[in-house]
Amino acid sequence: MSDLAFLDSTRSSYDFVAAGYSARFADELAEQPVLRSQLTLFAELASGRAGEVVSGPTADVGCGPGHVTAFLREQGLDVFGVDLSPGMVEQARANYPELRFEVGSMTGLDHPDQSLSGLNAWYSTIHIPDQELPGVLAEFHRVLVPGAPLMLLFQMGDAPKHFAEAWGYDVDLVLYYRRPEAVTEMLTEAGFQVMLTTIWEPTQVQPKKQAAFLIARKSD
């Protein structure tokens with residue numbers, strides 16, 4: 001797929017906030033056992049320890065400053081990070097120089113068909129418009145081997161919202177809130193089988209907001 005216009009504001013916004021974002025979320029996983037547990041489960045599926053087929057590395061798409069990629073590596077995965085923002089990739093490479101990070105878009109991943117054993121997309125499909133999301137899920141399907149797991153994490157809701165400020169910075173971002181049932185339907189149409197849906201309500205977030213984890217596998 002060609003680069004789409006909505007990606008420009010997303011890329012520039014995350015470039016602008018990259019250093020502050022990296023500092024803010026550096027210790028996120030240490031403070032969140034729910035997040036760690038979901039990542040650990042995904043790592044077991046992608047590594048083959050749960051009886052799944054393994055062939056190739058795992059991608060952390062929308063990796064930001066790299067802390068999730070690093071956690072997955074600690075779980076034994078051969079994992080690399082991909083992010084739309086060169087600024088975020090620069091932060092990730094500085095934070096974790098031993099790991100591989102690349103600039104890329106989930107609308108067109110620079111990887112061959114059936115080359116990845118897993119794909120994690122945490123809070124990264126949230127900036128993809130509804131009409132573009134099926135194409136992104138088809139791209140995820142293309143790069144995964146049959147039986148490989150896909151994990152998504154996204155905020156729950158019914159309508160998009162534009163943000164002109166986030167994390168203390170001026171930005172131009174649209175966040176697409178979604179219901180897990182709608183995403184499940186899109187995943188099924190893209191050739192995935194949803195294995196697990198988990199609804200999470202972080203206690204430290206006010207006002208209260210729910211998020212959904214979906215773990216699916218590429219159908220054989």
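Buried means under 20% relative accessible area, exposed over 50%, and partly exposed in between (1.4 Å probe, protein chains only). This is a predicted model, in which local features need pLDDT of at least 70, side-chain atom pairs count only at pLDDT 80 or more, and totals for chains, interfaces and linings use all residues. Residues are numbered from 1 along each chain as its sequence is written, and side-chain values use heavy atoms, leaving out hydrogens and water.

Strands are DSSP runs (E, at least two residues), as are helices (H or I, at least four), numbered from the N terminus. Two strands pair if DSSP finds at least two bridges between them. Strand 4 (residues 118-122) and strand 5 (residues 149-155) run parallel, joined by 4 bridges. Leu-119 has Leu-150 of strand 5 as its bridge partner.

Now the charged pairs. A salt bridge puts a side-chain nitrogen of Lys or Arg within 4 Å of a carboxyl oxygen of Asp or Glu. The structure holds 6 of these salt bridges. In one of them, Arg-142 meets Asp-113, with the closest N and O atoms 2.7 Å apart. Arg-142 lies in helix 5 (residues 133-143) and Asp-113 in the loop between strand 3 and strand 4, so the pair ties together parts 29 residues apart in sequence. Arg-142 is partly exposed, at 24% relative accessibility.

Glu-139 also forms a salt bridge with Arg-142, at 2.8 Å between the closest N and O atoms. Glu-139 is buried, with a relative accessible area of 11%.
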